[in-house]
Amino acid sequence: MISVSNLSKKYDSVQALKGISFEIKEGEFYGLLGPNGAGKTTTISIMSTIVEPSEGIVKIAGFDLKKNPIDCKKTIGVVPQEIALYNELSAYDNLLFWGSLYNVPKSELKKRIDETLQLFGLHDRKNDKVKTYSGGMKRRINIASALLHNPKILFMDEPTVGIDPQSRNLIFEVIEKLHKEGMTIVYTTHYMEEAERFCDRIGIIDNGEIIVQGTLDELKSSSKMKETIAISFVELSNEQFDKIELEWKDLKRNENSINFYSSNVKSDLSKIILKCSEIGLDIHNIEIQKVNLETIFLSLTGKQLRD
Ligand SMILES: Nc1ncnc2c1ncn2[C@@H]1O[C@H](COP(=O)(O)OP(=O)(O)OP(=O)(O)O)[C@@H](O)[C@H]1O
Ligand SMILES: [Mg+2]
């Protein structure tokens, strides 16, 4: 459905994208996950024909973006990172405006606007000016405006940043519904929980490069990361630690705590606890740190996803 090959973008002195490639199948939910300045918005903006690439080829629904930009545009809906709405107009009039840009026939457009307002729980506020809306409500209208022409593909650039939980949950419900109905979705975020929850496949982008991509399970196994069993003790003498270290090589001590690294927590946990009780150690707390996108990201880039 989407094919991006060797895409690069240079803004004056900044090399924002350094030749990225990826393929997205029809109906797939693809997440671009990366920290600030990684190149997520640049990628989405190029695919939405808003920004011109320096190099590379983008194909959308079989159309070459450079040769057939209009056909590409008809296929996609774009939810930009910055909310683009007219504050002095009502939600309804904003949607009329955005819908008319996509040449949706007037009668059909009115029907679509009503449906989308219902979908986003804003039908009863449709005649209020957008300037009276909360941030989360504006965000919902921002997404609604991208859906009026029934696009096959939806690009969403960090659609849940800085909004209330109620709006966020509603947006989650809507995108899950769209995904179930078969829409192809490209979603950028730096919230790993969102990427883990929604995405069929994830591309981790940093510094203008996609450093790894695949399903969550593929990312987990390719990272070869181990899970951590972090145990703190009431007391831990050097002698006791030496005894543990004889049995367990892959560990790290920090005063009265030990991190045990394991590729099979299920079987290792009971072994470790048994050993500790043999030595007479009194356990204060046990924590298991699973491998997740945050830890994978950290191991690949040495950076936290969030600043
Ligand atoms: N119009 C522009 N002119 C110059 N540099 C730009 C422009 N837009 C983006 N950049 C630079 O390109 C790089 C990638 O920016 P981009 O906005 O694509 O990142 P992002 O992943 O979307 O970040 P964020 O999470 O902050 O939205 C950054 O170094 C940024 O400063
Ligand atoms: Mg961005």
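A residue is called buried when its relative accessible area is under 20%, exposed when it is over 50%, and partly exposed in between, using a 1.4 Å probe and protein chains only. This is a predicted model, in which local features need pLDDT of at least 70 and side-chain atom pairs count only at pLDDT 80 or more, whereas totals for chains, interfaces and linings use all residues. Residues are numbered from 1 along each chain as its sequence is written, chains are lettered from A and ligands numbered from 1 in the order in which they are written, and side-chain values use heavy atoms, with hydrogens and water left out.

**The magnesium site.** Thr-41, through OG1, and Gln-81, through OE1, coordinate the magnesium ion (ligand 2) at 1.9 to 2.2 Å. Helices (H or I, at least four residues) and strands (E, at least two) are DSSP runs, numbered from the N terminus. Donors are N, O and S atoms within 2.8 Å of the metal (3.2 Å for Na, K and Ca); water is not among the atoms, so the site may look incomplete. Thr-41 is partly exposed, at a relative accessible area of 30%, and Gln-81 is also partly exposed, at 29%.

Polar contacts, that is, pairs of N or O atoms within 3.5 Å, are made by several residues, among them Gly-37, with a polar backbone atom 2.8 Å from an oxygen atom of the ligand. In the side chain of Lys-40, an N or O atom is 2.8 Å from an oxygen atom of ligand 1, and a polar side-chain atom of Glu-158 lies 3.1 Å from an oxygen atom of ligand 1. Taken alone, ligand 1 exposes 630 Å², of which the protein buries 63%; accessible areas come from the Shrake-Rupley method with a 1.4 Å probe.

The side chains of Arg-201 and Glu-28 form a salt bridge with an N to O distance of 2.9 Å. Arg-201 lies in strand E9 (residues 201–206) and Glu-28 in the loop between strand E2 (14–24) and strand E3 (29–33), the two being 173 residues apart. Both Arg-201 and Glu-28 are buried. A salt bridge is a side-chain nitrogen of Lys or Arg within 4 Å of a carboxyl oxygen of Asp or Glu, and the structure holds 14 of them.

Lys-177 and Glu-181 pair through their side chains at 2.9 Å, N to O. Lys-177 is partly exposed at 40% relative accessibility, and Glu-181 is exposed at 55%. In another pair, the side chains of Glu-247 and Lys-275 meet at 3.3 Å, N to O. Glu-247 lies in helix H9 (residues 238–247) and Lys-275 in helix H10 (residues 265–279), so this bridge ties together parts 28 residues apart in sequence. Glu-247 is exposed, with a relative accessible area of 53%. Salt bridges with shared partners also join Glu-88, Lys-129 and Lys-131 into one network.

**The covered helix H5.** Eight of the ten residues of helix H5 (residues 135–144) are buried, and the helix is mostly covered. These buried residues are Gly-136, Met-137, Arg-139, Arg-140, Ile-141, Asn-142, Ile-143 and Ala-144. Their cover includes E6, H3, helix H4 (106–119), strand E7 (153–157) and helix H6 (165–180).

Thr-228 is placed in strand E11 (residues 227–233) and is buried, at a relative accessible area of 9%. Not counting residues up to four places away in sequence, Thr-228 touches Asn-259, Phe-260, Tyr-261, Glu-287, Ile-288 and Gln-289; contact means heavy atoms within 4.5 Å. Met-225 sits in the loop between helix H8 (216–223) and E11 and is partly exposed, at 25%. Leaving aside neighbours within four places in sequence, Met-225 is in contact with Lys-220, Val-291, Thr-295, Ile-296 and Ser-299. Met-225 and Lys-290 are 65 residues apart in sequence and 9.5 Å apart in space, C-alpha to C-alpha.

Terms used: Polar contact = N/O pair within 3.5 Å; in protein donor to acceptor, adjacent residues only side chain to side chain.
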